[in-house]
Amino acid sequence: IFVPVVIVIAISAFILWIVLGGENGFTQGLVALATVLVIACPCALGLATPTAIMVGIGKAAENGILIKDAVSLELAKKVNAVVLDKTGTITEGKPRVTGEHWLITDGMNKQILKTIEEQSEHPLAEAVINHLKSSAEQTVQITDFTSITGKGVSAKYQGKLYYVGNRKLLVEKGITIPKDLDVQASRWITEANTVIWFANNSEAIAGLAIADTIKPTSVSAIQTLQQSGIEVYMLTGDNEGTAKAIAHKACIAHYKADVLPEDKAAFIKQLQQENKVVAMVGDGINDSTALAQADVSIAMGKGSDIAMDVAKMTIISSDLSKIPDAIRISRQTVKAIRQNLFWALIYNVIGIPIAAGLLYPINGFLLSPMIAGAAMALSSVSVVGNSLRLKLQK
């Protein structure tokens with residue numbers, strides 16, 4: 001719009017000078033045409049957005065936030081709903097076994113469990129492996145290892161099928177849970193532990209309680225988001241009891257438990273249908289679909305490579321307090337862009353009529369093309385200077 005309008009104004013000024021300018025009309029018209037084109041050079045408008053974004057991305061990097069998509073930086077200021085994964089996002093992502101209860105305590109079962117978990121990529125598997133290192137030093141030969149998304153894994157040892165996973169997996173496979181084991185698991189859950197089950201094809205053999213500490217900065221970061229009017233949601237594959245306990249400790253009012261990876265993406269889509277701009281924060285392979293669905297996707301730097309590849313922002317330190325920082329930098333950047341565009345447009349609104357000769361009938365003033373060129377350069381410098389001012393803001 002801008003360039004064609006300026007060309008029309010320049011040609012119109014040239015014609016009007018020829019018609020109304022008398023014997024010097026052609027010369028003055030030619031000067032007016034050149035002056036309009038020079039002073040209206042759209043470099044200030046062209047610099048307004050990219051300079052601010054460049055400084056904004058640099059400032060984010062200084063704060064430990066890597067941004068690979070400028071659109072995400074601009075969109076972050078509009079975020080009014082943040083969806084958080086639990087393990088590795090709200091919590092440390094360093095789970096440890098806090099309790100175990102075995103119905104069959106022979107060493108072979110522990111070796112089978114440890115071997116199966118060594119094949120798993122789930123964050124909780126490492127906790128089980130570390131816990132069983134001393135009591136099950138040997139590994140056994142397993143076959144038919146299968147990962148069951150959002151539920152657990154299965155494998156065979158000497159032709160017999162074994163499962164490791166959550167209660168949903170055991171229910172789905174029709175596996176019974178002995179009463180005393182179930183009672184112990186309920187106690188663990190009320191203490192905010194995640195329960196991992198080990199079972200054969202008919203009965204649960206053992207239950208292990210796994211706890212993951214909430215990061216020191218998570219609660220304050222969540223409260224900061226809520227105080228700025230942003231709704232915070234927690235999605236987790238853990239059971240209802242554990243999810244409720246963690247949500248309470250983290251001061252999160254909205255949470256969903258027993259969530260599968262595809263459910264996370266569906267939940268985000270549902271929020272978007274409610275006209276919310278959603279930021280998804282996660283660190284695992286299971287979060288990649290939800291990250292792709294979100295308007296603004298943020299990965300934890302200590303998480304999986306897939307999550308970081310899908311996400312448009314990465315928090316190097318995996319510290320949730322960086323999310324309010326990212327939103328603040330986004331707001332500052334967009335504000336600078338609008339300021340740049342405003343001053344570039346105001347400059348042209350005032351400069352173009354003067355360059356065309358509007359003041360000549362009033363006081364005989366005609367703007368020199370050289371002065372117009374200097375003014376044009378000054379407008380570009382002012383835009384760059386305003387963008388660099390972003391670096392000084394806190």
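Me: What should I know about the model and its numbering?
Reply: The model is predicted: local features need pLDDT of at least 70, side-chain atom pairs count only at pLDDT 80 or more, and totals for chains, interfaces and linings use all residues. Residues are numbered from 1 along each chain as its sequence is written, and side-chain values use heavy atoms, with hydrogens and water left out.

Me: How do the axes of helix 10 and helix 15 cross?
Reply: Two packed helices are described by the angle and the distance between their axes. Here helix 10 (residues 218-227) and helix 15 (residues 322-356) have axes that come within 8 Å and cross at roughly 35°. Axes are lines fitted to C-alpha atoms, for helices over the stretch in contact; angles run from 0 to 180 degrees between N-to-C directions. Helices are DSSP runs (H or I, at least four residues), as are strands (E, at least two), numbered from the N terminus.

Me: Which residues form salt bridges?
Reply: Side chains of opposite charge can pair when their charged atoms come close. The cut-off: a side-chain nitrogen of Lys or Arg within 4 Å of a carboxyl oxygen of Asp or Glu. The whole structure has 10 salt bridges. In one, Asp238 pairs with Lys86, closest N and O atoms 2.9 Å apart. Those two residues are 152 residues apart. In another, Lys156 pairs with Asp144 at 3.8 Å. Lys156 is in strand 5 and Asp144 in strand 4.

Me: Is Asp238 buried or exposed?
Reply: Buried means under 20% relative accessible area, exposed over 50%, partly exposed in between (1.4 Å probe, protein chains only). Asp238 is buried at 8%. Lys86 is buried at 3%.
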